[in-house]
Amino acid sequence: METLKAAFLGLVQGITEWLPISSTGHLILADQFVHLAGGDEFKSVFWVVVQLGSILAVVVIYWSTLSPFKRDMKERNACLSLWGKVLVASIPAAVVGLLFDDIIDEKLSVWPVIAAALFAYGLLYVVLERKVRIATRIDSVESVTYLDAFKLGLFQMLALIPGTSRSGSTILGGILLGFDRTVAARFSFFMALPVMAGASLLRLIKSGMGFSAEEWYLMGVGTLVAFIVSLVVIRKLVDYVRAHDFSAFGIYRIVLAVVVTVYFCLVQAS
């Protein structure tokens, strides 16, 4: 039963990490119905560690782009330049995350903040997609400058607020900065690598990694499922953003915010 629970939570992670609907919002709801065995410390680490499966999916899908081990010097330099831009884009979230990780975890990882972020950004998605039109000036990953990368990193920093959605913030931020939709999605995936890997490593170090064999096993199951599901979701999302806007996701977020609010108000009232 615990294996099935870990697999289900990995499924939720793999789907919601890449869609602009907030993995945190879904996981907090899932946790109300799927009570994974273990203490609060283990579960808080579980949520972060399963992200490694999602990260690995990005590496596998875009290995030809991300691998610096190329014989052609021009391609190798282009790859190293891409990694440089990805690291620059990671600076804002990394700095703020390191400084305020405990505050974010203790003060902001609560359902009222998550519901508010779901609603506010859902409304923002709808308004931006229907009312704002930005001319495209960046039509390839290679044409992203270091300044563009840093600006996009500021949008990623906003996603430290639980319920915001990292992928949603960075993809829409890219569109506002003039990125082609597909380029914004791809660069958003690349930006996830150092941030999510760093967050997982930081949480593991803070936990002391003193988990039982069963707990390590459950994290492994969740990570594997998140990896497999992410392989599918990433490809589907790139295809989706080529031809659709984010209005539907915005409406979904608003509905989810209402569901989260109503559910927890009823729980507290009972």
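**Helix 7**

I began with helix 7 in this predicted model and looked up which of its residues are buried: they are Trp111, Ile114, Ala115, Ala117, Leu118, Tyr121, Gly122, Tyr125, Val126, Leu128 and Glu129. I then asked what covers the buried residues of helix 7. The cover includes helix 2 (23-33), helix 8 (146-158), helix 9 (166-176), helix 10 (181-207) and helix 12 (247-269).

I also checked the length of helix 7, which runs over residues 111-131.

**Arg253**

Next I turned to Arg253, which lies in helix 12. I noted that Arg253 is buried and yet has no salt bridge, and I looked for the nearest side chain of opposite charge, which belongs to Glu17 and is 11 Å away.

Which backbone oxygens does the side chain of Arg253 reach? I found the backbone oxygen of Pro20 at 3.3 Å, and the backbone oxygen of Leu118, which lies 3.3 Å from a polar atom of the Arg253 side chain.

I then listed the contacts of Arg253, leaving aside its neighbours within four places in sequence: among them are Pro20, Ile21 and Ser22, then Ala117, Leu118, Tyr121, Gly122 and Tyr125, and also Gly163, Thr164 and Ser165.

**The nonpolar cores**

I looked up the largest nonpolar core, which has 46 residues, and found that Trp18, Val58, Tyr62, Phe187, Phe189 and Phe190 touch the most other members. The elements that give two or more residues to this core are helix 4 (51-61), helix 6 (73-108), helix 7, helix 8, helix 9, helix 10 and helix 11 (213-243). Helix 10 gives the most, with 10 residues.

I followed Val58 as one example and, not counting residues up to four places away in sequence, I saw that Val58 touches Trp18, Leu66, Phe189, Phe190, Leu193 and Ile234. Apart from this core lies another one, of 18 residues, among them Val12, Phe46, Trp47 and Leu204.

**Phe33**

Last, I looked at Phe33, which lies in helix 2. Is Phe33 buried or exposed? Its relative accessibility is 59%, and since a residue counts as exposed over 50%, Phe33 counts as exposed. I also recorded that Phe33 and Met196 are 163 residues apart in sequence and 26 Å apart in space, taken from C-alpha to C-alpha.

Note on methods. Residues are numbered from 1 along each chain as its sequence is written. This is a predicted model: local features need pLDDT of at least 70, side-chain atom pairs count only at pLDDT 80 or more; totals for chains, interfaces and linings use all residues. Side-chain values use heavy atoms; hydrogens and water are left out. Helices (H or I, at least four residues) and strands (E, at least two) are DSSP runs, numbered from the N terminus. The expected span of a helix is 1.5 Å times one less than its number of residues. Buried means under 20% relative accessible area, exposed over 50%, partly exposed in between (1.4 Å probe, protein chains only). Contact means heavy atoms within 4.5 Å. Lys and Arg count as positive and Asp and Glu as negative; His and the chain ends are not counted. A salt bridge is a side-chain nitrogen of Lys or Arg within 4 Å of a carboxyl oxygen of Asp or Glu. A polar contact is a pair of N or O atoms within 3.5 Å; within protein, one must be able to donate a hydrogen and the other to accept it, and residues adjacent in sequence count only if both atoms are side-chain atoms. A nonpolar core is a set of buried Ala, Val, Leu, Ile, Met, Phe, Trp, Tyr and Cys residues joined through side-chain atoms within 4.5 Å.
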